[in-house]
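Reader: Hi, can we go through this one together? Please keep it simple.
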Amino acid sequence: MLFAGLLGFTPLLASADVSITVAPPVIPVYDQPPCPGDGYLWNPGYWAWGDDDYYWVPGVWVQPPEVGFLWTPGWWGWGDGGYLWHAGYWGPHVGFYGGINYGFGYFGTGFWGGHWEGGHFFYNTACWHVGAGFHNTYANHSWVEERNRASFNGPNGVDRKATAEEERAAHEGHHELTEEQRAHEHDALHDHAQKFGENKGNPGKTALTKTAHEGEHHEGEHHEGEHHEGQHHEAEHHGTEHHEGEHHATEHHATEHHGADHHAPEHHAAEHHTSEHHTSEHHAAPQHHSAPEHHASAPKKGDGGGKKK
C-alpha cells in the first residue's frame with residue numbers, strides 16, 4: 001500500500017476491512033469508439049470508489065498482457081452489510097462478473113466480443129465496433145442482452161450466481177491489471193468531472209479509444225452530446241448515446257465496515273471517509289443512513305468473482 005501511495009495510486013483494501021454502504025450508480029448507456037488496431041480488446045467502463053465518491057472509469061480499448069488472454073471485468077456485490085469490489089483480471093477464459101450488463105459483449109452472461117484463434121483475435125462485429133480495415137471479423141447475434149443496467153449484484157440489483165464454468169475460470173492462472181489499466185483508472189480518479197457528485201451519473205468521458213499512456217492523448221474521447229465526424233456505428237452494433245435527465249438525486253454515504261474474514265485476494269473495496277453524495281437513480285442499500293454534506297474539492301470537469309493471484 002505504501003509503494004502504491006508513492007506511485008500516486010489509490011490502493012484497494014480487502015473487503016473485510018472496508019465496505020461501501022450505498023450502491024454504485026447505474027451503468028451509463030454510451031457509444032463504443034472503433035477499435036484502434038488489431039489485437040486490442042475492449043474493457044467496459046465501470047464505477048470505482050475513491051476520494052469519498054464513486055467515479056466513472058471510461059471504457060477503453062487495451063492490449064492484453066498475453067496473446068490468448070481475455071478480460072473479466074470487476075464488479076460490485078452486496079455482502080456482510082456493504083458493497084464489496086471484486087477486482088477484474090486477465091485469463092484464458094472469461095469468468096463471473098456479477099451478472100452485470102456492461103454492454104459490448106459483456107451482457108451479464110458469458111462473453112460475446114470475439115475469440116482467439118491461431119494467435120489472432122477474431123472480432124464479433126455484432127457487438128464490437130471495429131471499423132474498417134479489419135479482416136479477422138465475423139458476426140454472431142446469438143447472445144441475449146440483459147436490460148437491467150444495475151451496476152451491482154445483490155438486493156435491488158442483479159440476481160445471478162456463477163455457473164460451474166465461470167467458477168472454473170476463476171481458478172485458472174490470472175494476470176492482474178496492466179500498468180496502462182491502472183494508470184487509466186488513476187486518471188479517472190483525478191478527473192473531477194468523472195465523479196458522481198459532479199456528473200450525477202452522466203460522466204463527461206464515457207469511453208476512450210486508447211489510454212493516454214499508450215500514446216494517444218484524448219483523441220478518442222467520447223464526450224456527452226458530442227458527435228465525431230466520420231465515426232459511425234453499424235446497424236448491428238449495440239451501443240447507444242447517453243440519456244440525460246433520467247436520474248433523480250438522493251443522498252448517500254460510505255462507512256467503514258469491519259466484518260468476518262473474506263477471501264482477501266478476491267474481494268476488494270476502495271478506502272473511504274464518511275461524506276455525503278448526491279446520486280441519480282442510485283440504488284439504496286438495504287441499510288441506509290444519512291451523512292453530512294459533501295463538499296467538492298476541485299473545479300468541474302464491475303467465478304467466484306474475485307481476482308485470483
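Author: Accessible areas come from the Shrake-Rupley method with a 1.4 Å probe; for residues, only the protein chains shown count as cover. The model is predicted: local features need pLDDT of at least 70, side-chain atom pairs count only at pLDDT 80 or more, and totals for chains, interfaces and linings use all residues. Residues are numbered from 1 along each chain as its sequence is written, and side-chain values use heavy atoms, with hydrogens and water left out.

Reader: What does the accessible surface of the protein chain come to?
Author: About 13700 Å². Carbon and sulfur atoms hold 51% of that.

Reader: And how many of the residues are buried, in %?
Author: 56% of the 309 residues in the protein chain. Buried means under 20% relative accessible area, exposed over 50%, partly exposed in between (1.4 Å probe, protein chains only).

Reader: New topic. How many helices and strands are there?
Author: The protein chain has 4 helices and 18 strands. Both are DSSP runs numbered from the N terminus: helices are H or I, at least four residues, and strands are E, at least two.

Reader: How many aromatic pairs?
Author: The count is 25. Rings of Phe, Tyr and Trp (its six-membered ring) pair if their centres lie within 6.5 Å; planes under 30 degrees apart are stacked, over 60 edge-to-face, the rest tilted.

Reader: Why is the pair of Trp-42 and Phe-104 edge-to-face?
Author: Because their planes are at 70°, with the ring centres 5.8 Å apart. Trp-42 sits in strand β2 (residues 41–43). Phe-104 is in the loop between β9 (89–91) and β10, 62 residues apart from Trp-42.

Reader: Are those two buried or exposed?
Author: Trp-42 and Phe-104 are both buried.
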